[in-house]
Amino acid sequence: MRNARRPRPAVLAAALPTALAAALLAGCADPGGGAAGGGEPPLGTVELNPATASISLPMDAYTDSEAEAVRMGRVQEGLVSRCMARYGFAYEGPRPAAGAAGAASEDRHRYLFGLADPAYAAAHGYDKGAATGMTGGKREKPPAPQLSDSAYAVMHGERRGAAPAGGRAPDAATEEEAAGTDSGIEVGGRRVPAGGCGREAYRKLYAPTKDSVDLLFTFGLASEAHDRSKRDSRVAGVLAKWSACMDKSGYTGIKSPYDVVDGLGLQDDKGGARAVAVATADVRCKREVNLVGVWAAVEKAYQERLVEEHAQTLALYREQRDARFELAADLG
């Protein structure tokens, strides 16, 4: 399977938790090649109001935890530094931030079905940053190091401010392809790798050979399963019950847990008294109709179907992921 050409940013994020990927990739093309086949899948056990931390979905086996993602991000930055050192530049990029505090950071599905923790709702409303100490739920991004013109060319594989012929500097999807791709740039008498050190580090870790499975492939499958689950009649039914419960609680017209904050104008005060009141009602209604239990069972069924459909590619992806972890261990 040949990699699709990846985005141009020099250093890409190592991975994202499944729930975040589902949110970011919603609406992407179906990796399965179209609408769900075989009708609505049968469900296994439907648990009663499970804690999101206890939910296990098939795609979890192919998705890095936040701790793993942070580790791989650090390894990727280490590869960038080694590449830059080949050209005589001491470089230390922004260190990927450590994961959110405590076990909450490893709750992969904490917000997959909207807010679901009654204690958190009562204490913090919809302020996702309250558990991590991050203002507004956003982690501060460290500033990128300042680069000289020569260092910039080595990092990015193009001259600062230059407009390459054709509009883009030469790049390569895989490290195997990069071996035959000329960046057209030399620094200190050495040819700069296609895409610069940022892209080389990414390729070495995530796309060493032409059969490398795209890093976002598994996120796309998880996103597609989530998209299919939202159209499932059993999820539609439990959402209707939840919406009716919210209506009775005085919060009318809200059809989806993802629409609560915007629909009720809570964007500017997600942890305020009104947000806490809404969140408390939201989670109470979810528990009343077992929204998380039903939706998790449906989500699992669609993921199982996609895992079966893409078993060969996923097996290759898992082998390559294991190889990445081995490389990370070797690099320290």
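This is a predicted model: local features need pLDDT of at least 70, side-chain atom pairs count only at pLDDT 80 or more; totals for chains, interfaces and linings use all residues.

Visitor: Which element gives the most residues to the largest nonpolar core?

Guide: This core has 37 residues, and those touching the most other members are Phe113, Tyr126, Trp242, Val278 and Leu291. Two or more residues come from each of H3 (118–124), H8 (233–248), H9 (260–263), H10 (273–289) and H11 (291–309). With eight residues, the element that gives the most is H11.

Visitor: How many residues are in the other core that lies apart from it?

Guide: Among the members of that other core are Tyr206, Val213, Leu215 and Leu221. Its residues number 32.

Visitor: What is the angle between the planes of Phe113 and Trp295?

Guide: The structure holds three aromatic pairs. In the one formed by Phe113 and Trp295, the ring centres are 5.2 Å apart and the pair is tilted, with the planes at 40°.

Visitor: How many residues apart are Phe113 and Trp295?

Guide: Phe113 belongs to the loop between H2 (66–86) and H3, while Trp295 is in helix H11. Both residues are buried. The pair links distant parts of the chain, with a separation of 182 residues.

Visitor: Why is the pair of Tyr258 and Trp295 classed as it is?

Guide: The ring centres of Tyr258 and Trp295 are 5.9 Å apart. Their planes stand at 55°, so the class of the pair is tilted.

Visitor: Which parts of the chain does the pair of Tyr258 and Trp295 tie together, and how many residues apart are they?

Guide: Tyr258 is found in the loop between H8 and H9, and Trp295 in helix H11. The pair therefore ties together parts whose separation in sequence is 37 residues.

Visitor: Is Tyr258 buried, partly exposed or exposed?

Guide: The class follows from relative accessibility, with buried meaning under 20% and exposed over 50%. Trp295, at 1%, counts as buried. Tyr258 has a value of 34% and therefore counts as partly exposed.

Visitor: How far from the centre of the Tyr87 ring is the charged end of Arg190?

Guide: The charged end of Arg324 sits over the ring of Tyr317, 5.4 Å from its centre. The charged end of Arg190 likewise sits over the ring of Tyr87, and its distance from the ring centre is 5.6 Å.

Visitor: What share of the residues of the chain count as buried?

Guide: The secondary structure comprises twelve helices and two strands. Contacts between residues 24 or more positions apart make up 81% of those with a separation of 6 or more. Of the 332 residues of the chain, the share that count as buried is 46%.

How values were computed:
Residues are numbered from 1 along each chain as its sequence is written. Side-chain values use heavy atoms; hydrogens and water are left out. A nonpolar core is a set of buried Ala, Val, Leu, Ile, Met, Phe, Trp, Tyr and Cys residues joined through side-chain atoms within 4.5 Å. Buried means under 20% relative accessible area, exposed over 50%, partly exposed in between (1.4 Å probe, protein chains only). Helices (H or I, at least four residues) and strands (E, at least two) are DSSP runs, numbered from the N terminus. Rings of Phe, Tyr and Trp (its six-membered ring) pair if their centres lie within 6.5 Å; planes under 30 degrees apart count as stacked, over 60 as edge-to-face and the rest as tilted. A charge sits over a ring if NZ of Lys or CZ of Arg is within 6 Å of the ring centre and within 35 degrees of the ring normal. Contact means heavy atoms within 4.5 Å.
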